[in-house]
Amino acid sequence: MGPDLQQLLDPGYLGDVQSRPIEAIRQMRADCQQVESGLSLLRRVVQGRLDIVGLELTRRAEGRDPGDLPALIARLPEVLSDRTRSTGVGRLPQIMAPGELPAELEAELEGIATAGQMADLPSMGDDELRALAEALSTFERKVSAHRRALFDRIDPLQAEITRRYKSGEASVDALLQ
């Protein structure tokens, strides 16, 4: 099990970063990056479900047959790929393996939209489908806010590490030992 999201999001998490040993700062940064990676993956899952719900709403608005599963499947790559570039400032991933999904948020997503519900969208009423879309949108905003909060921790941690290297308080040689 990885670092605890709530602990990382605690307002006092950073504390007095300048008084901490560099190894502790590196570990704090790594913990934040690991959880952010999991949140990034979770956000993409939520967006995928939201896109699928959007497809069903569009199908209904256009009056197409609910049994037209091949057409839906044919459009999935197009729909799911439209979010491959975010509108924010790009950041290179620091961790190449996908992060672990925070269990409490993964459970919350399953409470909003189970895989079974996603497979049975045509049987939902219009109001129920719109409510699902709104719940997924709200959840996506929550996950995005958590990611932004983690970057608000990662950035000062990285800045402190950089400052120490520039000032000579830390050296690359120490990493190699």
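Helix axes here are lines fitted to C-alpha atoms over the stretch in contact, and the angle between two of them runs from 0 to 180 degrees between N-to-C directions. With that in hand, welcome to a short tour of this predicted model.

**Overall make-up**

The protein contains seven helices and zero strands, so its pattern along the sequence reads α-α-α-α-α-α-α. It has 177 residues, of which 36% count as buried. If you look at contacts with a separation of 6 or more, 83% of them join residues 24 or more positions apart.

**How H2 meets H4**

Two packed helices are described by the angle between their axes and the distance between the axes. For helix H2 (residues 22-61) and helix H4 (residues 103-112), the angle is about 5° and the axes are 11 Å apart. Angles under 35 degrees count as roughly parallel, and H2 and H4 are therefore roughly parallel to each other. On the H2 side, the contact is made by Leu39, Leu42, Val45, Val46 and Arg49, while H4 brings Leu105, Leu109 and Glu110. Sorted by type, the residues of this contact are six nonpolar, no polar and two charged.

**The nonpolar core**

In soluble globular proteins, nonpolar side chains tend to be buried together. In this model the largest nonpolar core has 36 residues. Within it, the residues with the most contacts are Val53, Leu132, Leu136, Phe139 and Leu150. Helix H1 (5-9), H2, H4 and helix H6 (126-167) each supply at least two residues of the core. H6 gives the most, with twelve residues.

Leaving aside its neighbours within four places in sequence, Val53 is in contact with Met118, Leu121, Leu129, Leu132, Ala133 and Leu136. Two of these partners, Leu132 and Leu136, are themselves among the residues with the most contacts inside the core.

| Residue | Relative accessible area | State |
|---|---|---|
| Leu8 | 2% | buried |
| Ile52 | 24% | partly exposed |
| Arg130 | 45% | partly exposed |
| Glu169 | 52% | exposed |

Leu8 is found in helix H1. Buried means under 20% relative accessible area, so Leu8 is buried with its value of 2%. Beyond its neighbours within four places in sequence, Leu8 is in contact with Pro3, Tyr13, Asp31, Cys32, Val35, Leu150 and Arg153. One of these, Val35, is 27 residues from Leu8 along the chain, and the two C-alpha atoms are separated by 8.8 Å. Another partner, Leu150, is listed among the residues with the most contacts inside the core.

Ile52 lies in helix H2 and is partly exposed, with a relative accessible area of 24%. Its C-alpha atom is separated by 9.6 Å from that of Ala119, although the pair is 67 residues apart along the chain.

Arg130 sits in helix H6, where it is partly exposed at 45%. Arg130 and Val53 are 77 residues apart in sequence and 8.4 Å apart in space, C-alpha to C-alpha.

Glu169 belongs to the loop between H6 and helix H7 (172-176). Exposed means over 50% relative accessible area, so Glu169 is exposed with its 52%. Setting aside neighbours within four places in sequence, Glu169 is in contact with Arg163 and Arg164. Along the chain, Glu169 and Ile22 are 147 residues apart, and their C-alpha atoms are separated by 9.2 Å.

Key: Residues are numbered from 1 along each chain as its sequence is written. This is a predicted model: local features need pLDDT of at least 70, side-chain atom pairs count only at pLDDT 80 or more; totals for chains, interfaces and linings use all residues. Side-chain values use heavy atoms; hydrogens and water are left out. Helices (H or I, at least four residues) and strands (E, at least two) are DSSP runs, numbered from the N terminus. Angles under 35 degrees count as roughly parallel, over 145 as roughly antiparallel, 65 to 115 as roughly perpendicular and the rest as oblique. Contact means heavy atoms within 4.5 Å. Ala, Val, Leu, Ile, Met, Phe, Trp, Tyr, Cys and Pro count as nonpolar, Asp, Glu, Lys and Arg as charged, and the others, Gly among them, as polar. A nonpolar core is a set of buried Ala, Val, Leu, Ile, Met, Phe, Trp, Tyr and Cys residues joined through side-chain atoms within 4.5 Å. Buried means under 20% relative accessible area, exposed over 50%, partly exposed in between (1.4 Å probe, protein chains only).
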